[in-house]
Amino acid sequence: MPFSVCMRDCYDTCSMVSELKDGRLRVKGNPEHPITAGFLCPKGALLPRWFHANDRLKNPLVRTGERGSGSFLETSWEEAIELVATKLREIIEKHGSESVLVYQYAGDRGVVNYAFPLRLFHYLNTAMLDYGICDRAGQEALKDVYGTAIGMDPEELKNQKLIVYWGINAFWTNLHGFTFAKKHGLEIWTVDVVRTETAKRSDRFFRIRPDTDVLFALGVAKVIIEEELYDRVFVRENVYGFEEFKNYVKTLSLDYVSRETGIRVEEIETFAREFAEKRGIIHIGYGFQRSLAGGEAVRAISILPALVGHRFGFIYDMKTIDKSYAEGAFLRTRPARRIPQMKLAEYIERGEVKFLYVYNSNPLASLPNQNLLRKALRESDVFVVTHDIFLTDTALYSDVVLPANTFFERLDIADSYYHRHVALNEPVARLYGKSNSEITRLLAKALGINNPYLYESDEGIVKKVLELNGLSWQELKAKGFVKVPEKPKEWETPSGKIEFYSQRAVRRGLSPFPEYRKFEGKYPLRLLTPTHRMTITSQYHNTHGMIDPYLYINPADASERDIEDGDTIEVFNDNGSIRTEARLTEDVPQGVVMLYKAFWVRLLGWNANFLTGDETVERYGNGSAYHSTWVEIRKV
Ligand SMILES: Nc1nc2c(c(=O)[nH]1)N[C@H]1C(S)=C(S)[C@@H](COP(=O)(O)OP(=O)(O)OC[C@H]3O[C@@H](n4cnc5c(=O)[nH]c(N)nc54)[C@H](O)[C@@H]3O)O[C@H]1N2
Ligand SMILES: Nc1nc2c(c(=O)[nH]1)N[C@H]1C(S)=C(S)[C@@H](COP(=O)(O)OP(=O)(O)OC[C@H]3O[C@@H](n4cnc5c(=O)[nH]c(N)nc54)[C@H](O)[C@@H]3O)O[C@H]1N2
Ligand SMILES: [Mo]
């Protein structure tokens with residue numbers, strides 16, 4: 001049976017085996033894979049439903065009515081490609097290549113289907129995205145301390161006693177990682193604002209107030225240092241700025257930490273003592289760092305495993321293979337103009353983007369401040385092309401929509417941002433649409449480009465990327481995955497050590513030590529918009545169905561507003577307003593409300609991103625700050 005890889009934007013990157021039987025796709029986990037271990041998550045198990053969905057796009061569409069109205073005319077592939085190429089040529093001639101922006105993200109994580117289309121845009125010297133939507137602040141923060149955001153190989157958890165899930169709902173977002181830790185008998189702790197399904201399955205749950213993680217981590221560090229529970233030899237030899245850091249935390253009062261974080265002093269001490277004794281590992285989440293406090297928090301948290309003697313005792317990101325060949329930035333003749341991903345609306349509003357090519361992403365569901373983005377699109381003359389499997393909200397606002405096929409319909413490979421395995425994805429069947437790489441070749445041809453790099457086959461790219469990374473095609477073909485060996489890692493900081501005193505942060509105008517800052521909004525309730533069990537950001541809303549678009553609120557906050565379970569309410573702030581039903585639960589604390597992240601607006605009439613803030617964390621790479629959103633609620 002052919003091997004498949006679940007290409008979703010997800011930690012696990014499951015290796016699977018698939019077949020087409022009586023015209024229906026069947027998918028199973030590949031039992032040989034050390035982490036993904038032959039079972040699928042609830043979303044993965046429904047992949048055949050997604051593959052066979054009735055609403056898959058079949059023919060290219062050209063817009064005939066207002067943006068967003070849904071008036072399109074079906075057209076042939078030849079005409080659609082010709083139209084896109086003509087527009088692209090015209091706009092480059094009139095406004096220059098930097099008025100063209102390719103907007104893509106991790107809708108499909110295949111090396112070919114993620115990266116190869118970028119070759120065309122590099123060749124054309126267009127503007128490119130400066131990614132900031134997801135994990136950017138944490139990336140910068142970890143570089144400040146370790147020089148890299150790449151932490152430990154999670155398979156090493158086998159030899160550990162304790163893992164802390166800090167601001168990550170691993171039971172939903174990293175099920176195979178969570179299961180691996182459980183299977184190997186690790187003690188599991190969770191630090192979160194919400195009592196998540198991960199928290200409910202943990203040995204300990206530390207419930208923290210939003211944005212106060214930096215203080216909690218510093219408080220824990222203080223106890224570990226002052227009770228002399230840290231690894232003296234390791235710290236002496238490998239840490240830069242320990243004495244200064246020690247003096248920094250000395251001034252911190254645990255009572256203050258407790259008041260701000262909502263965590264009792266005894267709990268802070270217990271955390272510190274047991275974390276040191278069990279030499280804990282921390283899986284630092286992506287979710288919680290999407291706030292104005294995110295970068296500073298990650299810096300502080302990442303210090304804890306080093307205190308207890310781990311060289312790279314955190315899990316955050318993993319980059320095993322070099323994919324730059326597939327992306328082909330070498331085709332550029334001048335450096336790229338980079339447009340911050342989170343500022344798309346502003347750039348469109350200012351007329352700086354005249355041609356937008358979207359693939360692997362659904363920004364009209366996933367970007368914050370949707371009212372602003374939609375207004376910018378409606379009022380500008382930007383020509384928008386979207387390549388997607390479905391008629392998403394972004395497709396609805398596009399001038400041309402090109403049907404994509406799915407990963408079951410083509411060859412590719414994928415690495416993971418969690419583990420060290422690269423997996424093979426073989427074609428199983430062919431239904432509708434064209435792959436990201438096919439479209440790229442068609443566009444290159446329609447533009448009259450001769451460069452052979454734009455016509456390389458999928459197999460050619462896959463084999464070349466494997467070869468450049470010293471991996472064997474034969475082994476991959478036989479097993480469905482290969483592990484990328486780990487090279488000895490150094491800390492790529494200015495001092496060559498783990499920097500508790502961060503010189504890189506200082507250079508960016510930040511304090512050498514992680515700093516606590518309070519953020520307040522104009523409205524009283526903090527809105528969190530985390531991940532949903534059955535979707536991947538906006539994906540699967542239309543196919544898997546099982547979503548819960550409710551506002552979760554603490555009973556105390558609800559009763560103050562005369563709201564009962566099931567009441568229809570309005571949630572509003574200066575960005576927008578939405579209506580939904582209230583669900584009362586103690587799982588969210590007082591002062592915090594929760595909506596799941598980014599459903600299809602087309603299907604629901606709204607989503608959480610009509611409320612979320614688009615302010616970014618400038619000194620942390622313009623990282624997104626979705627969670628720094630405040631709202632008020634009233635019964636309607
Ligand atoms: N099922 C499912 N899986 C997914 C996705 C999905 O949409 N659905 N999305 C994928 C993507 S793109 C990503 S980036 C990852 C994200 O994976 P996670 O990091 O697990 O995602 P989130 O649920 O956004 O955030 C994790 C937690 O952060 C908590 N949090 C918010 N603010 C704070 C705070 O100030 N302090 C602390 N300690 N916690 C806080 C939230 O309550 C939430 O439980 O998951 C991937 N996997
Ligand atoms: N409120 C709030 N919003 C958030 C977040 C949050 O925490 N809160 N999290 C943010 C995060 S972490 C992320 S990563 C972003 C993700 O935001 P997006 O990048 O928009 O991710 P998806 O919603 O997964 O959309 C991916 C799209 O790619 C399409 N696709 C899938 N496979 C293929 C393919 O092979 N070819 C083509 N051409 N298209 C394909 C899918 O159909 C889907 O429409 O969302 C962000 N949005
Ligand atoms: Mo993400």
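Author: A polar contact is a pair of N or O atoms within 3.5 Å (within protein, one must be able to donate a hydrogen and the other to accept it, and sequence neighbours count only through two side-chain atoms). This is a predicted model, where local features need pLDDT of at least 70, side-chain atom pairs count only at pLDDT 80 or more, and totals for chains, interfaces and linings use all residues. Residues are numbered from 1 along each chain as written, chains are lettered from A and ligands numbered from 1 in written order, and side-chain values use heavy atoms, without hydrogens and water.

Reader: What makes Arg410 a polar contact of ligand 2?

Author: A polar side-chain atom of Arg410 sits 2.6 Å from a ligand 2 oxygen, so the pair is within the 3.5 Å limit. Ser366 also brings a polar side-chain atom, 2.7 Å from an oxygen of ligand 2, while Asn362 uses a backbone N or O atom at 2.8 Å.

Reader: How do you know how much of ligand 2 the protein covers?

Author: On its own, ligand 2 has 930 Å² of accessible area (Shrake-Rupley, 1.4 Å probe), and the protein covers 98% of that.

Reader: Which residues surround ligand 2, and what makes a residue count?

Author: A heavy atom within 4 Å does it. There are 31 such residues, and the closest are Asn362, Ser366, Asp388, Arg410 and Ser538. Helix 16 (363-366) and strand 16 (383-388) each supply at least two of the shell. Domain 2 (56-133 + 338-483) and domain 4 (525-635), with bounds from an automatic or database assignment, each give at least three.

Conventions. Helix = DSSP H or I, 4+ residues; strand = E, 2+ residues; numbered from the N terminus.
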